[in-house]
Amino acid sequence: MATSSTYHLMLKATPKTCTPCRARKVRCDGVYPTCGSCSKARKSVNCVYVDPVPTASKGDLLQKGAACVPCRRKKKKCDASRPFCSTCRVANKEDDCQYDDGVHRSIKAELYDRIKELEERLRAYESQDRSISDSDSSSSRSSSERAICDSPKDDSPTTLFIEGSSNQSTSGAVLDIIPPYADLLAGDPFNLMSPVPRDNSGMEVFYMSDLTPMRDIFFSHRAQLGVCLSDEKLFAVKRGDISNAVVHPIMVHVAQLWGALVQEESSYFRTLTETMQLQSVLDYLNESREILPATTSLQAHGIVSLYYFTKGDLYKGREYLLKSAHLLMRYDLHLVRSSRSPNNDTITVPSTEDEIGAILQVYYMDKAAHVQFHVPCLFHPDLDSELYLLSEFYAAMPIDIFAVCAKTTAATYIQEVQQLMRLWEDEQCCSIRSTRGSTKYWDLMQRIQVHLSRVKSRTLLVVDQHFSRALKLVEVVDLTALTELHLLLASTGLEYRQACSNTAGEIVSIFSTFVDEDYSRLDPILTLALRACHKVLQQEFYTSPSLISQEIIIHMHAVLQTTASKLKRKLPYIEVSFDL
C-alpha cells in the first residue's frame with residue numbers, strides 16, 4: 001500500500017481533469033482515483049486520468065515587421081508566405097501583398113520587365129538582321145531602320161519615374177525601361193529623376209511629365225465630359241500634381257485614364273498606361289480608409305462610368321452610375337437650395353459650382369443612357385425640378401457650368417418627348433390626347449424653343465472652340481426634340497411638315513460645320529438626331545408633293561451618311577445606318 005508521501009506525489013503527477021469530465025465539459029475536482037463528478041454519476045463511469053493529446057504547434061511566432069504591409073495596416077493575421085500571404089490570397093488581393101524588403105514586386109513591375117524582355121529580343125533580332133544585311137552589299141535599308149540598327153548601345157538603362165500607391169511619400173518606383181520607350185515620353189526622359197520641386201510651404205510636389213500628352217487629351221475633351229473644376233484645380237491636374245495640396249490625386253489619374261483611352265496611337269505604352277491608371281482610380285474609389293470629397297468622388301465615378309460605356313460594358317457603366325446615385329443621397333447633394341432672404345422670405349439659390357458640375361456630369365449620363373438604351377433612370381426625378389429652377393441662373397453661370405447644365409436640360413427634353421410619343425401612340429387614350437396630351441405638347445414645345453434661343457445667344461459669345469462645339473451639340477439635341485414633336489402632327493397639316501423640314505435642315509447644317517477632329521469629342525446622343533432627320537427625309541421622299549427638292553434630299557442624306565460613318569469610326573460603340 002502506498003504511503004501518504006507516495007500518494008501525494010501521485011496526486012501531483014496526475015492531470016487535474018479526468019477524461020469523462022473533459023468529454024462532458026464539466027468541472028472536475030481532480031480527486032484520485034475517482035473524482036467527485038464521476039462518483040455521483042447515475043451510470044457507472046470509468047474515471048481515468050490521461051494526459052490530453054498535445055495540440056499541433058501553431059508555428060513560430062513572426063518577428064516584428066515580418067507580416068505583409070496590408071495585413072499590418074488592417075491588423076489581420078498574416079503567415080508571411082511568399083510571394084503572397086494566405087490572407088491576401090483568400091481576399092484575391094495578391095497585387096496588394098507587399099513586404100518591406102520589396103522581394104515581391106507588383107504586377108506593374110512585372111509588366112515592365114516583360115516589356116523590357118520583349119524589347120531586348122527585338123533588339124537582338126534587329127542586330128542579327130543588321131549583320132546579315134552588312135554582309136550582303138546588295139541589300140538596302142531604310143533610313144529609319146538604319147537609325148535603329150546603328151544606334152550605339154548603352155548599357156545603362158533609362159529610368160522612368162512612375163507613380164506608386166496612394167501613399168505618395170516618395171510615391172514612386174524606379175523601373176528600368178529600355179531606350180526605345182523614351183521617344184514615347186514628353187520632354188527629356190533622362191531628367192525625370194531631377195530633384196523634386198517644393199511649394200512655398202516646403203511640401204514636395206510630384207509631377208508626372210511623361211503622361212502630359214494624355215492629360216492634354218483629357219483637357220480637349222473636358223467640355224464633352226462635363227468636368228467642372230476651378231482654375232486652380234484645373235492647373236494642378238494639367239501639371240500632374242498628385243501631392244493632394246490643391247486637387248485630389250484621383251483627378252490626375254482620371255485625366256490620364258481618359259487620355260489613354262481615346263489616344264489614337266496604339267502601343268504597349270498606351271495600353272499599359274490605361275491599365276495602370278484604371279487600377280489607380282479604382283483603388284482610390286474602393287479604399288474604405290480614405291473618404292474622398294463628395295464632389296471629387298462623384299466626378300471620378302462619372303468618368304469611370306463613361307469609360308466602361310465607351311469600352312462597350314453597359315453593365316459596369318451602370319454600376320458606377322448607381323454608385324453615383326447613392327453618393328448623391330448619402331451626402332444630400334442638390335442643384336439648388338432654399339434660403340432665407342433679409343425679409344425672411346424663402347428664396348432659391350444655386351449650390352456651389354463644384355457641386356452643380358459634379359451632379360450634372362453624372363445626371364446627364366443617366367439621362368443619355370435612358371433615352372438611347374431605354375434603361376430605367378437611376379437618379380431621383382426630383383432633380384428635374386431642381387434643373388428647371390437652375391435655368392433661372394443661366395446668365396450668371398460660367399461657360400463650363402452652363403454647357404453641362406444646358407446639355408442635361410436638352411437630354412431631359414428628349415426624355416419628355418419620348419414619353420409624349422408613347423402617350424400619343426396609345427389608341428386607348430383619345431380623351432387624354434385631346435386634353436392633357438395636347439396641353440403637355442404645347443407647353444413642352446414652348447420650353448424647348450425658349451431653351452434653344454438661350455443656347456444660341458450664349459454660343460455667339462463663346463470663344464473657346466471646345467465649349468463652342470459642346471453648345472452646338474446642345475442645339476442639335478434641342479432641334480431633335482422639336483423635330484420629333486413636329487413629326488407627331490406632320491400628318492395633320494403642311495405647316496407641321498414644313499416645321500419638320502426646317503428643324504432637320506438646321507441639324508444638317510450644324511453637322512456640316514464639324515471637321516474630322518470634332519467627331520471624337522462628340523456625344524453618342526447625336527444618333528437620335530440622325531434618326532430624326534432620316535425620318536423627315538423619308539417622309540418627304542415618299543410624299544407628293546414634297547416640300548424639299550430631290551437634290552436637297554440627296555444632299556442632306558449624304559451629309560447624314562458622312563456624319564454617321566465618321567461617328568462610327570471615332571465612337572465605335574454606336575450603331576447608326578440607314579438608307580432612303
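This is a predicted model: local features need pLDDT of at least 70, side-chain atom pairs count only at pLDDT 80 or more; totals for chains, interfaces and linings use all residues.

Guide: Gladly. First, a term we'll need: a crossing is left-handed if the near helix is turned anticlockwise from the far one by less than a right angle.

Visitor: What makes α21 and α22 roughly antiparallel?

Guide: Their axes cross at roughly 155° and come within 11 Å. Angles over 145 degrees count as roughly antiparallel, so that is the name for α21 and α22.

Visitor: Which residues of α21 meet α22?

Guide: Leu 526, Leu 530, Cys 533, His 534, Leu 537, Glu 540 and Phe 541 do. Their partners in α22 include Ile 553, Met 556 and Leu 560. By class, this contact has ten nonpolar, four polar and one charged residues.

Visitor: Why is α13 called roughly antiparallel to α14?

Guide: Helix α13, residues 294–310, packs against helix α14, residues 314–330, at an angle of about 165°. The cut-off is over 145 degrees, so α13 is roughly antiparallel to α14. Their axes are 7 Å apart, and this crossing is left-handed. Among the residues in contact are His 301 and Tyr 308 of α13, with Arg 318 and Leu 327 of α14. The contact divides into nine nonpolar, six polar and three charged residues.

Visitor: And how many helices and strands are in the chain?

Guide: There are 22 helices and four strands. Of the 580 residues, 46% are buried, meaning under 20% relative accessible area.

Notes: Residues are numbered from 1 along each chain as its sequence is written. Side-chain values use heavy atoms; hydrogens and water are left out. Axes are lines fitted to C-alpha atoms, for helices over the stretch in contact, and angles run from 0 to 180 degrees between N-to-C directions. Helices (H or I, at least four residues) and strands (E, at least two) are DSSP runs, numbered from the N terminus. Angles under 35 degrees count as roughly parallel, over 145 as roughly antiparallel, 65 to 115 as roughly perpendicular and the rest as oblique. Contact means heavy atoms within 4.5 Å. Ala, Val, Leu, Ile, Met, Phe, Trp, Tyr, Cys and Pro count as nonpolar, Asp, Glu, Lys and Arg as charged, and the others, Gly among them, as polar. Buried means under 20% relative accessible area, exposed over 50%, partly exposed in between (1.4 Å probe, protein chains only).
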